[in-house]
Every structure is written in C-alpha cells, then in structure tokens.
Amino acid sequence: QLSFGLCNQTYTTETYQGCLDKGANTIGKPILLLTLAFLVVTPFLFFVRDEIFKKWLWFALAWFIVSGVLIALAPQYVYSFLPLYAITKATVTYWSSVLFVPLSLGLLLWLSRKRATA
C-alpha cells in the first residue's frame with residue numbers, strides 16, 4: 001500500500017517504513033474474497049467450450065467492475081442504531097463474492113445446456 005501511495009499515515013523505523021492505515025480491510029479483503037470466488041469457479045471452466053468461456057468472461061468482467069464500484073461507494077463504517085442492517089464495504093465484498101460463485105456456475109450450466117440442445 002505504501003508503494004502505491006495508498007497510505008494516509010505512515011511510520012518509520014531504522015530499517016522499515018510502514019503504513020498505519022487499515023488498508024487490509026479496504027483493499028486486501030475485497031481482493032482476497034473475489035480471488036477465492038474466482039478460484040472456486042476456475043476448475044469448471046476447464047470443461048466448457050471456448051464460446052461459453054468467452055461469454056462467461058464477459059460476465060465475470062462486468063461482475064468485477066460492478067463489484068468494485070459498489071465496494072468503493074460503500075462506507076467503511078456505519079454508526080447506526082441498528083448496525084445489523086448496515087451496508088459497509090465488508091458486507092458488499094462478502095455478498096459480491098458469495099453471489100459470484102452460484103451465478104457463475106449457473107451461467108456455465110445454462111449456456112452448456114443451451115448449446116447441447118441446439
């Protein structure tokens with residue numbers, strides 16, 4: 001984060017310069033969860049034809065762009081009377097990752113069956 005200029009607060013020791021921001025929650029967690037969701041879908045992509053893979057790739061690209069925008073727009077923290085229903089970066093990240101897997105697998109299955117019946 002420090003090398004990309006994403007730190008607001010830094011600290012320095014004799015041999016190290018680090019970041020005091022909570023970047024792990026704002027940058028690291030979304031990347032980790034979306035990568036894990038992608039890795040769950042990847043083995044199934046091995047068994048589909050090229051034209052189905054290309055359609056899925058467009059879906060995945062659109063999903064990652066929309067997820068990135070929604071995560072960027074969501075607040076980091078919510079100071080609410082009912083925090084159970086609060087929408088934060090963490091909840092948007094979690095649900096975008098969780099929904100990506102079944103939607104991707106459903107799309108692959110639907111496109112494969114559609115092609116098999118045609």
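Residues are classed as buried under 20% relative accessible area, as exposed over 50%, and as partly exposed in between, with a 1.4 Å probe and protein chains only. This is a predicted model, in which local features need pLDDT of at least 70 and side-chain atom pairs count only at pLDDT 80 or more, while totals for chains, interfaces and linings use all residues. Residues are numbered from 1 along each chain as its sequence is written, and side-chain values use heavy atoms, with hydrogens and water left out.

The protein contains 3 helices and 2 strands, where helices (H or I, at least four residues) and strands (E, at least two) are DSSP runs numbered from the N terminus. The order of elements from the N terminus is β-β-α-α-α. Of the 118 residues, 24% count as buried. Contacts are defined by heavy atoms within 4.5 Å; among those between residues at least 6 apart in sequence, 54% join residues at least 24 apart. Accessible areas come from the Shrake-Rupley method with a 1.4 Å probe, and for residues only the protein chains shown count as cover.

Helix H2 (residues 50-73) comprises 24 residues and spans 34 Å from its first C-alpha to its last, close to the 34 Å expected at 1.5 Å a residue. The expected span is 1.5 Å times one less than the number of residues in the helix. The buried residues of H2 are Ile 52, Trp 56, Ala 60, Trp 63, Ser 67 and Ile 71. A nonpolar surface patch is formed by Trp 58, Leu 61, Ile 65, Val 69 and Leu 73, which together have about 580 Å² of accessible area. Patches are made of residues with over 30% relative accessible area and no salt bridge, like charges being joined within 9 Å and nonpolar side chains (Val, Leu, Ile, Met, Phe, Trp, Tyr) within 5 Å. Leu 61, one of the patch residues, is located in H2 and is partly exposed at a relative accessible area of 45%.

Helix H3 (residues 89-117) has 29 residues and reaches 42 Å between its first and last C-alpha atoms, close to the expected 42 Å. A kink of about 25° occurs at Phe 100, shortly before the proline Pro 102; the bend at a residue is the angle between axes fitted to the seven residues ending there and the seven starting there. Phe 100 is also among the buried residues of H3, which include Val 92, Ser 97, Val 101, Leu 108 and Leu 111.

Leu 107 of H3 touches Trp 56 and Phe 59, residues up to four places away in sequence not being counted. Thr 35 of helix H1 (residues 23-45) is partly exposed at 38% relative accessible area. Thr 35 lies 8.5 Å from Ser 97, C-alpha to C-alpha, the two being 62 residues apart in sequence.

The whole structure contains 1 salt bridge, defined as a side-chain nitrogen of Lys or Arg within 4 Å of a carboxyl oxygen of Asp or Glu. Arg 115 and Glu 51 form a salt bridge, with the closest N and O atoms 2.5 Å apart. Because Arg 115 lies in H3 and Glu 51 in H2, the pair ties together parts that are 64 residues apart in sequence. Arg 115 is partly exposed at 38% relative accessibility, and Glu 51 is partly exposed at 37%.
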